[in-house]
Amino acid sequence: MSTASEQHWPGPLSAAVARLCTGLQPQVSEQTAAGFAEVLRRLSAPLQVAVAGRIKSGKSTLVNALIGRRVAPTDVGECTRLVTRFQYGTVDRVEVVFRDGSKQAVPFDADGGIPADLGVDIDEVSHLEAYLTNAVLRDLTVIDTPGLGSLDAASVARTEELLGAGKTADGELDPVSRNAVAGAEAVLYVVTQGVRADDEHALASFTAATASREAGPVNAIAVLNKADTIEASTVEGAGEDVWKAAALLAEKQADLLKPKVADVLPVIGLLAETAESGGFTANDAEALRELAKLDGATRETLLMSADLFTSWECDVPAGTRSRLLERMDLYGIRSALEAIDADPEITAGALRRRLLDSSGLASVLQRLDTVFRARADGIKAAAGLASVTALSHSSGDPGERQRVHDAIEVLLAKPEAHQLRVLEALTLVAAGAVTMPADLAEEVMRVGSSTDAGEQLGLPGRHRKELTDYALERANWWRSFSSFGATPAQSRIAHVVHRAYFLLWQQLRSG
Ligand SMILES: Nc1nc2c(ncn2[C@@H]2O[C@H](COP(=O)(O)OP(=O)(O)OP(=O)(O)O)[C@@H](O)[C@H]2O)c(=O)[nH]1
Ligand SMILES: [Mg+2]
């Protein structure tokens with residue numbers, strides 16, 4: 001077995017948790033040690049991001065857009081009822097993993113996707129593992145899930161069981177240990193227009209999917225998908241502008257979902273998928289050009305509804321139109337026609353680019369980068385630590401539990417590991433487990449959400465002297481708050497925040 005020092009960790013916090021695991025391994029039971037081995041394996045693996053949300057919200061479509069390949073089945077088929085893990089591999093392949101741990105390879109369908117029907121007994125299936133050569137997967141493992149909060153209780157149960165109870169590569173862990181280590185480390189939560197009150201519930205139920213970890217602004221972002229289907233005129237202040245309407249709705253939903261998620265971004269997953277996965281061809285561009293040439297009245301009629309678009313009499317074959325509709329929906333088609341009107345010579349490549357631009361995918365990717373990739377070290381380390389704690393709790397040996405607890409305390413007392421405490425505090429506040437006045441809650445988020453001193457202090461770009469003084473001022477404030485005025489739970493948070501400011505002050509003063 002490889003040791004911690006030979007491994008590649010995402011950063012110093014993960015490396016510290018890895019050292020903790022290797023240090024403890026000889027001092028714990030065989031079973032707990034096996035759990036620690038799994039924690040170590042996960043620490044060095046790519047960040048696990050689950051795409052979760054209500055049924056038919058467009059999760060699989062978005063997964064395809066992110067991976068850049070139409071590989072996850074969308075719309076119909078039994079596979080939409082299963083969890084699929086997309087991870088990096090040197091050869092493309094898909095495996096069905098059965099509940100009893102056995103595996104069976106399945107071929108891709110003719111278009112390079114996972115077949116919608118697997119030809120196996122679905123009730124026996126635990127989940128699917130897809131190994132793909134796509135570069136994005138080198139540092140993100142993407143987990144497609146069936147709709148949470150759906151009426152299909154069996155799928156929900158399967159997701160929770162799988163992500164909560166998790167799976168391991170080797171299957172050597174007992175269910176309790178698995179439960180302690182498994183679970184996605186980050187969540188991309190997909191909502192559509194009108195998040196209902198119980199969607200918040202679905203987000204909370206995702207906590208089950210992330211096992212012992214809470215989802216919060218450190219490891220969760222949301223997208224408002226299917227922005228193209230929003231009726232702009234029904235959104236106050238949007239006028240006729242669909243994107244403006246989407247932005248306004250996203251803001252509203254952010255009010256509902258924050259601070260459980262870092263952000264809510266509007267997106268058109270369908271257009272992103274079509275543009276990113278080779279789904280938009282020269283033939284499609286040609287068909288759109290033909291449509292653009294139709295007389296104004298026919299074109300207007302076609303664009304009135306999906307039904308009319310495919311059924312109305314016109315020179316472009318109905319089959320071609322159906323394909324366009326499936327790939328772009330009416331909003332995408334209308335945008336493409338406008339682009340052709342503006343420049344009849346526009347190339348297929350340029351049209352594809354336009355679709356991509358209008359999908360909003362770029363901002364989602366950018367947020368994924370800043371929220372997930374940049375913080376992968378902290379997210380993974382916190383997840384690993386939560387697993388270590390859960391493992392020691394499930395061991396049933398009080399001595400072992402104490403040893404693990406002490407080792408974690410020693411680790412967390414080190415200045416370089418204090419960030420883990422901050423992340424924990426932030427998540428407690430975000431999840432509402434500790435209530436704080438809004439301005440203080442916001443301050444906790446700010447301190448914990450960045451690694452840039454200016455951002456942490458809410459004074460981006462200011463001079464070092466000013467930052468140093470302010471860090472000390474806030475350190476003192478939080479210290480006195482922790483002693484006077486705070487509830488016991490708030491006081492624990494306040495201690496952590498005080499120390500974060502104090503360490504920041506030291507670092508600013510010396511650096
Ligand atoms: N108009 C429009 N349709 C979309 C968009 N994203 C997805 N769809 C369509 O919505 C339907 C459901 O998409 P999926 O990606 O299968 O949704 P899902 O959330 O994975 O569904 P389940 O796995 O069954 O819960 C498909 O017909 C997609 O083409 C979008 O941005 N705009
Ligand atoms: Mg799906």
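Residues are numbered from 1 along each chain as its sequence is written, and side-chain values use heavy atoms, with hydrogens and water left out. Helices (H or I, at least four residues) and strands (E, at least two) are DSSP runs, numbered from the N terminus.

**Confidence**

- The protein has a mean pLDDT of 86, pLDDT being the predictor's confidence in each residue, from 0 to 100.
- A pLDDT of 70 or more is reached by 86% of the residues.
- Confidence is highest in helix H8 (residues 269-276), at a mean of 97, and lowest in helix H5 (residues 175-181), at 49.
- Over residues 164-177 pLDDT stays under 50, and the model has 37 contacts beyond four places in sequence for them; contact means heavy atoms within 4.5 Å.
- Where pLDDT is low, the predicted coordinates should not be read in detail.

**The sheet**

- Nine strands form an open sheet with mixed pairing, in the order S4-S3-S5-S2-S6-S1-S7-S8-S9; two strands pair if DSSP finds at least two bridges between them.
- S4 and strand S9 (264-266) are the edge strands, each pairing on one side only.
- From one strand to the next, the twist averages 25°.
- Strand S3 (residues 93-98) and strand S4 (residues 103-106) run antiparallel and are joined by four bridges; Val 97 has Lys 103 in S4 as its bridge partner.
- The hairpin of S3 and S4 has four residues between the strands, and Gly 101 in the turn has a positive phi of about 95°.
- Strand S8 (residues 220-224) pairs with S9 in the parallel sense over three bridges, and Ala 222 has Val 264 in S9 as its bridge partner.

**Packing of H18 and H20**

- Helix H18 (residues 438-449) packs with helix H20 (residues 464-483) at an angle of about 125°, their axes being 14 Å apart; axes are lines fitted to C-alpha atoms, for helices over the stretch in contact, and angles run from 0 to 180 degrees between N-to-C directions.
- The two helices, H18 and H20, are therefore oblique to each other, because angles under 35 degrees count as roughly parallel, over 145 as roughly antiparallel, 65 to 115 as roughly perpendicular and the rest as oblique.
- Leu 440, Glu 443 and Val 444 of H18 meet Arg 474, Trp 477, Trp 478 and Phe 481 of H20 in this contact.

Technical notes. Chains lettered and ligands numbered in written order. Predicted model: local features only at pLDDT ≥ 70, side-chain atom pairs only at ≥ 80, totals over all residues.
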